[in-house]
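Student: I have a model open on my screen and would like to learn how to read it. Could you walk me through some of its features?

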Amino acid sequence: MVHFKSSCISCSRITAASCSTTRQFSSPPPNLSAPPPSQLLDRSLFDEIRYLQALRLPASDCHKAIQCLAPYLFRTTGQRSVVLPGECKLNLSPPLGPDERLLLFSFPSTEQHDNDEDSRCTTAMTKEQLKEGQHRLTDLLQSLPSAYLLPSPGYPVQLTYADLSLHQALRRLLPPSLAVPSSFETVGHLAHLNLRPEALPYKHQIAQVILDKNPKRIKTVVNKIGEIENTFRVLPLEVIGGEAEGEGGREGGTLVKVKESGAWFAFDFREVYWNSRLQGEHARMIDVVCEGRGTGGQRGGTKSAMAVDTGKKETKKKETKKEQQQQLEEEEQPRETVVVWDVFAGVGPFSIPLAMRGCYVYANDLNDRSYHYLCQNARQNKVLLPPFPPPASSSSSSSSFSFSSAATTTTPAVPATAAAVTAGYLHPSNQDGRAFLRYLALKKRQVSHIIMNLPATAYEFLDVFAEEKEGEREDGREGGLDGGAELSTTSAEGEEEGREGGGKKELLFGYLKGKGVMVHVYMFSKAEDAESDVIKRAAAVMGVKVETLEEGREGGREGGRVGVYHVRDVAPKKRMICLSFPLDLVLGE
């Protein structure tokens, strides 16, 4: 127990005008940034005795006082702002009675507020808010005749490391000149930081504070140590706290497990690209793709089911049963199959949830480790895959998968009943995005939506949609999902179309004309008018007029066909945009 030198402090009623901030220490306040930073966190340096203003009042008036002084109340993780009679540490005269309480609060001074040193007692506030607090206290004392303020120095409170929140502990740890890390990304049990250079000397202590304040959630802390400069957009990372590796290949270290959009994803965060901040965008695009198919599912009962629960008359029940039967018959009708090409699929945040909702997905990624986890996650989520040799555990070229390889087999038959398989179909691929798109086009694969989620360079691949067909390719004749017979037939059809069109060459994706195919390409933009910027760049790559895309936007001549969606702000002057447009705008209408 901490012993205080204060003895026999008598209560006296004072006015709010004299309630200036009183902040005294039994010893000088610790300067945590004075000694050279070390890798170990000394939690004892956070111990401190602080004197707070205390309002002595009847227990019946305590609720009113709390409501009035709410923004200024003393707040820590392990201590309350209301002191009960048995908890009082002062020898008050008279002693605190069973029907009395002490309410702890603080008005930080201007200097303390500017330096953010008093953040553990009150939330950050402006000078106007502090002035408002003084007026509130004055009005409160006038309305509560039995309420008194303890005289200076106030009520002593022992503060320890355990009493501080994450932000408060980091503020006490770092020098005043350094900004406290405002947020970090969580990926399963892993916390991902992006520390500024001036904070790097304190990186291990920062990591330890995060681990201490999130004991149930966070096991590993990593920091980004450079910019993304590789083809696979894999983050350069270092482990600065917690577990470095999982045991026996299980979850731990940088090997994480995440649930998103109803699917589980397991991967090594060092080997693939994953951004938890895109969870909302993943869900939005899944809804966009599934909207026309009705695969989103209903939450809760249907209208007819609710009518059965609330119906009281026999005739109402009969009508409801008829509606239910009609609904079942409609559900049994064959629905249009939604086919998705996910060109830069990663570990499957789009592909796997879409397949789980009954879509047929062709998923591709150039990173063989992303391909490895894509296949692994598909199996774990019971998504139907074609037979192929399992990828190697290493990142060697032997684990790569190509449509033209012998591993590519004929598409397996889909079970006739829905009970036979709980999800749709996913065909994974491990190759360049252009090669992936060209092959599917040569095989004349049907598609409903083409997703291109590689914001840095995805728009550069849009030129493939304007390519002319150069005839049969060897990979189409010798390998592929259905062999070469289909391609030979379509080549003959293409020649006939060319003759009818006066010798004009056929576009590689011309067979999709009029099919209502939507393309969703993600792009970064630093322009002030980001929406116009992405449209201009996309139009230039595809060789179409800017007006063609502009007229398809809402408010244009053909409004509603082209969508420009702001996903998120990546940096103060850098935005991530999703441009959605019908492929027919490129193929010609």
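Student: Let's begin with the aromatic rings. How many aromatic pairs does the structure hold?

Tutor: This is a predicted model, and it holds 10 aromatic pairs. A pair of aromatic rings is described by two things, the distance of the centres and the angle of the planes. Take Phe46 and Tyr161: their ring centres are 5.0 Å apart and their planes meet at 55 degrees, so this pair is tilted.

Student: Where in the chain do Phe46 and Tyr161 sit?

Tutor: In distant parts of the chain, 115 residues apart. Phe46 belongs to the loop between strand S1 (9–10) and strand S2 (48–58), whereas Tyr161 is in the loop between strand S7 (155–159) and H4.

Student: Is Phe46 buried or exposed? And what about Tyr161, buried or exposed?

Tutor: Buried means under 20% relative accessible area. Phe46 has 1%, so it is buried. Tyr161 has 8%, so it is buried too.

Student: Which residues form an edge-to-face pair?

Tutor: Look at Phe344 and Phe461, with 5.1 Å from centre to centre and 75 degrees between the planes. This pair also links distant parts of the chain, 117 residues apart. You will find Phe344 in the loop between strand S14 (339–342) and helix H9 (351–356), and Phe461 in the loop between strand S17 (449–452) and helix H12 (474–478). Both phenylalanines are buried.

Student: Which residues do ring pairs link into a cluster?

Tutor: Tyr72, Phe105 and Phe107.

Student: Which charged side chains lie over the face of a ring?

Tutor: Lys257 lies over the face of Trp264, at 5.0 Å from the ring centre. Arg537 does likewise with Tyr459, at 4.9 Å from the ring centre.

Student: Now for helices. Why is helix H11 described as largely enclosed?

Tutor: Count the buried residues. In H11 (residues 433–442), seven of the 10 residues are buried, so the rest of the structure largely encloses this helix. Among the buried ones are Phe436, Leu437 and Tyr439.

Student: What can I look for at the two ends of H11?

Tutor: At the start of H11, a side-chain oxygen of Asp432 comes to within 2.9 Å of the backbone nitrogen of Arg434. Just after H11, Lys444 has a positive phi of about 55 degrees.

Student: And what covers the buried residues of H5?

Tutor: The buried residues of H5 (residues 203–213) include Ile206, Val209 and Leu211. Their cover includes helix H4 (166–173) along with strands S9 (190–193), S10 (220–224) and S11 (237–242).

Definitions and conventions. Residues are numbered from 1 along each chain as its sequence is written. This is a predicted model: local features need pLDDT of at least 70, side-chain atom pairs count only at pLDDT 80 or more; totals for chains, interfaces and linings use all residues. Side-chain values use heavy atoms; hydrogens and water are left out. Buried means under 20% relative accessible area, exposed over 50%, partly exposed in between (1.4 Å probe, protein chains only). Helices (H or I, at least four residues) and strands (E, at least two) are DSSP runs, numbered from the N terminus. A polar contact is a pair of N or O atoms within 3.5 Å; within protein, one must be able to donate a hydrogen and the other to accept it, and residues adjacent in sequence count only if both atoms are side-chain atoms. Contact means heavy atoms within 4.5 Å. Rings of Phe, Tyr and Trp (its six-membered ring) pair if their centres lie within 6.5 Å; planes under 30 degrees apart count as stacked, over 60 as edge-to-face and the rest as tilted. A charge sits over a ring if NZ of Lys or CZ of Arg is within 6 Å of the ring centre and within 35 degrees of the ring normal.
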